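Q: I want to learn how to read salt bridges and helix faces from coordinates. Where do we begin?

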Amino acid sequence: MSDNGTKNTEAADTGLRTVTVIGAGTIGLGWIALFLGHGLRVRVNSRRAHAPGIVAEALELFAPYLPEGTADPAGFAERLEFEPDLERAVADADVIVENAPENLELKQELFERIGKAAPAGALILSSTSTLDPDDMGARMGDSSRLVVGHPFNPPHVVPLVEIVAGERTSPDAVREAVEFFESVSRVPIVLHKPILAFAANRLQSALLRESVHLVREGVVTLEELDRVVTHSIGLRWATVGPFLAFHLGGGQGGLRKWLGTLGAGLERGWEVLGRPSMDETTINSLIEQAEAAYGSRTYEEWVRVRDARQTAILRSLADVAQKEA
């Protein structure tokens, strides 16, 4: 029996695919909303004492910003289950999405148990942002079905999912992972080889490092830095990405011309980028500025602002793409 008193019937009885979401933290909650919005049956496995209430609050907060064409939130409850026992939660799942804390030993234990209890054909996904699938599946008898599907927060809005395979990962599992995420309106990108922190977080970290440096040196305030990004780089990269931006920046000569002129000084520019120390003074300054700039609204209010803006951008881009087709 699940926590909400409903019996866990076989997925074949309804024709719906069952996705077990392990963990009801920030990422897990976003996945739950997205999967329910796409008509899947979702089983939540969480150690949080009040998981049903936490999920209900998240669904109310996230549902207005799900992709166009998703299901009516009024029908979510009938496809939502809670099962605190891990083995029972994965026993008949078609897809398993793990969102536990970023702790290798914890994940190894989880995947060892999942490997023994899940159906042989289940697709096993991890939302890890740093760990290698071979390392996470080291204690599994067969880790060939384990694939990293790393989202960009919030996963119910931001489309990117980085797909990372290990040496023991089956190509069929990678293909199925791509198909699964495409079926829930995500944009999966398969990395050609594993790298620490993957691609998107490395890019984000590089920009964040220089952002901290500029604020720490007093060039701009934290709030002004956010405005600099949203009114320049953020706008540009949301539409064309860095390489196409500079390809267009070269005019008729494209990237070849740009690299031959302005691009020639790139390495000198990289040498002067900051390497800020994340000491107590820096951390406290960032926290104080963030609270001063953004403390007038609650977390829930800022989530609505963020998701509304990002959803508006995605809808506008979709409209433009439709006109271009």
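A: We begin with one pair. This is a predicted model. In it, the side chains of Asp 92 and Arg 43 meet in a salt bridge, with 2.6 Å from N to O.

Q: Which parts of the chain does the pair Asp 92 and Arg 43 tie together?

A: Place each partner in its element. Asp 92 lies in the loop between α4 (86-90) and β4 (95-98), and Arg 43 lies in strand β2 (residues 41-45), so the pair ties together parts that are 49 residues apart in sequence.

Q: Are Asp 92 and Arg 43 buried or exposed?

A: Check relative accessible area; under 20% is buried. Both Asp 92 and Arg 43 are buried.

Q: Which residue forms a salt bridge with Arg 315, and where does each partner sit?

A: The partner is Glu 68, and the closest N and O atoms are 2.6 Å apart. This pair links distant parts of the chain. Arg 315 is in helix α15 (residues 299-324), while Glu 68 is in the loop between α3 (51-62) and β3 (80-82). They are 247 residues apart.

Q: What separates Arg 175 and Glu 179 in helix α7?

A: Count along the helix. Arg 175 and Glu 179 are 4 residues apart in α7 (residues 171-183), which means a separation of about one helical turn. Their side chains meet in a salt bridge at 3.4 Å, N to O. Arg 175 is partly exposed at 41% relative accessibility. Glu 179 is also partly exposed, at 42%.

Q: Which residues do salt bridges with shared partners join into one network?

A: Look for shared partners. Here they join Arg 41, Arg 43, Glu 81 and Asp 92 into one network. The count of salt bridges comes to 17.

Q: Now helices. How many residues has α14, and what does it reach?

A: Compare the end-to-end span with the expected one. Helix α14 (residues 280-294) has 15 residues and reaches 21 Å from its first C-alpha to its last, close to the 21 Å expected.

Q: Which residues of α14 are buried, and which are exposed?

A: Thr 282, Leu 286 and Ala 293 are buried. Seen down the axis, the buried residues fall within an arc of 40°, so they line one face of α14. They pack against α8 (200-216) and α9 (222-230). On the other side, Glu 280, Thr 281, Glu 288, Glu 291 and Ala 292 are exposed.

Methods. Residues are numbered from 1 along each chain as its sequence is written. This is a predicted model: local features need pLDDT of at least 70, side-chain atom pairs count only at pLDDT 80 or more; totals for chains, interfaces and linings use all residues. Side-chain values use heavy atoms; hydrogens and water are left out. Helices (H or I, at least four residues) and strands (E, at least two) are DSSP runs, numbered from the N terminus. The expected span of a helix is 1.5 Å times one less than its number of residues. Buried means under 20% relative accessible area, exposed over 50%, partly exposed in between (1.4 Å probe, protein chains only). The arc is that of the directions from the helix axis to the C-beta atoms. Contact means heavy atoms within 4.5 Å. A salt bridge is a side-chain nitrogen of Lys or Arg within 4 Å of a carboxyl oxygen of Asp or Glu.
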